[in-house]
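User: I'm new to reading protein models, and I'd like a close look at the part where the two chains meet. Could you walk me through it in plain words?

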Amino acid sequence: MSFITVAPGQTITASWGNTVRDQLVSPFASASARTSAISALVEGMLSYRSDEKVFEGYNGTSWLPVGWIPIASTTLGSAAASVTFNSIPATYKNLVVVALAKSAPATNFEDILLRFNNDSGTNYANINVTADNTGGAPALLSGSSQTSAPILRMPSSNLNSTIFGGGFAFVLGYSNSSMSNKNVFSLSGNGDWGNVGQFRMRGCSWGAGGGSFTASAVTRIDLISGNGNFVTNSSFQLYGFGA
Amino acid sequence: VPQRLVVDIATGAQTYVELDPDEAADLEATRADAAQARATEEAALAARDAARTELAERAALSPDLALIAKAMGLPLDGS
């Protein structure tokens, strides 16, 4: 298909109009509506599905999501010790977990603990690069044989009550059921000007630290406040990417 | 009683549930495990910073040690 450039005096023909249509993003209510509407698929077509709130591109064989696709989102209406994302679909290759949260205890910072498939075994290991503004140089720390992964850091109640923090974590290959380990990489923390600030860059592996090496896809993620509750208005999102 | 928010992606339901005794015990055990690991990390961090501070103090008194530390790439500013 040639790329359309509009010239002065362009005659509007059906062929010209259809070519322009195929080079635009076409909105549809659902995949079935799109199938019914498009008689001839062309590689490179873009469409938007309002039922899934997702842009999809046609690769010559199938329609695939474009970018990070929202899977789930929640904002706490009341305090909770943990948040569980259940029935995570194996639609994508990778996940992004986003948390903007605060914990209730009278401390400066707490960790958000990550658990896969409700596995409470000592099957989590992590490497942790720290940067604090309370003195000391950045440090490289690690832990293994843990029952969860301290994957994100969030502020607690000693910091101003309106200060929330957190970060995001990439879960690589979560839907791959032939891999025995899942790797997670994250950036998180918060700066509280004039008081204390902490940032963390972390890597975590599930199943690699004394685990059973049982290959499985991730279908459930628990985000656990390391101490006390997540306060009201803490928010958590799950995105998928890579098809 | 601690509660957790369950987001069921298949149904779209979001439900607060109180932890049953087993879940509450697991929550406490998980937190204790993580707290112990965090304490170990923070103790290692404090020990490293103390060692660096001591090195800086000694280097301030000993030009030779300062030269050795500098040659080894060790920090002398207490950081």
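Analyst: Let's start with charge. Between chain A and chain B the count is 2 salt bridges, where a salt bridge means a side-chain nitrogen of Lys or Arg within 4 Å of a carboxyl oxygen of Asp or Glu. Before going further, some ground rules: this is a predicted model, in which local features need pLDDT of at least 70 and side-chain atom pairs count only at pLDDT 80 or more, while totals for chains, interfaces and linings use all residues. Residues are numbered from 1 along each chain as its sequence is written, chains are lettered from A and ligands numbered from 1 in the order in which they are written, and side-chain values use heavy atoms, with hydrogens and water left out.

One of the salt bridges joins B:Asp26 to A:Arg115, with the closest N and O atoms 2.7 Å apart. Helices (H or I, at least four residues) and strands (E, at least two) are DSSP runs, numbered from the N terminus. The cut-offs are under 20% relative accessible area for buried, over 50% for exposed and partly exposed in between, using a 1.4 Å probe and protein chains only.

Now zoom out to the whole interface. Here 48 residues of chain A are in contact with 27 residues of chain B, contact meaning heavy atoms within 4.5 Å. The two chains bury about 2600 Å² between them, and 48% of that is on carbon and sulfur atoms. Buried area is the accessible area (1.4 Å probe) that two parts lose on being put together, summed over both. There are also 21 residue pairs in polar contact across the interface, both residues being at pLDDT 80 or more. The elements of chain A that give two or more residues to the side touching chain B include strand E6 (82-86), strand E8 (109-116) and strand E15 (221-225). A polar contact is a pair of N or O atoms within 3.5 Å; within protein, one must be able to donate a hydrogen and the other to accept it, and residues adjacent in sequence count only if both atoms are side-chain atoms.

On the chain B side, take B:Arg4, which lies in strand E1 (residues 3-8). Its relative accessibility is 12%, so B:Arg4 counts as buried. A polar contact of 3.3 Å links its side chain to that of B:Glu23. Leaving aside neighbours within four places in sequence, B:Arg4 is in contact with residues of chain A, among them A:Ser82, A:Arg220 and A:Asp222, and with residues of chain B, including B:Tyr16 and B:Leu19.

What about nonpolar residues? In the largest nonpolar core, of 37 residues, A:Phe85, A:Phe116, A:Ile221, A:Phe236 and A:Leu238 touch the most other members. A second, separate core of 6 residues includes A:Ala81 and A:Ile224 along with B:Leu27 and B:Ala34. A nonpolar core is a set of buried Ala, Val, Leu, Ile, Met, Phe, Trp, Tyr and Cys residues joined through side-chain atoms within 4.5 Å.
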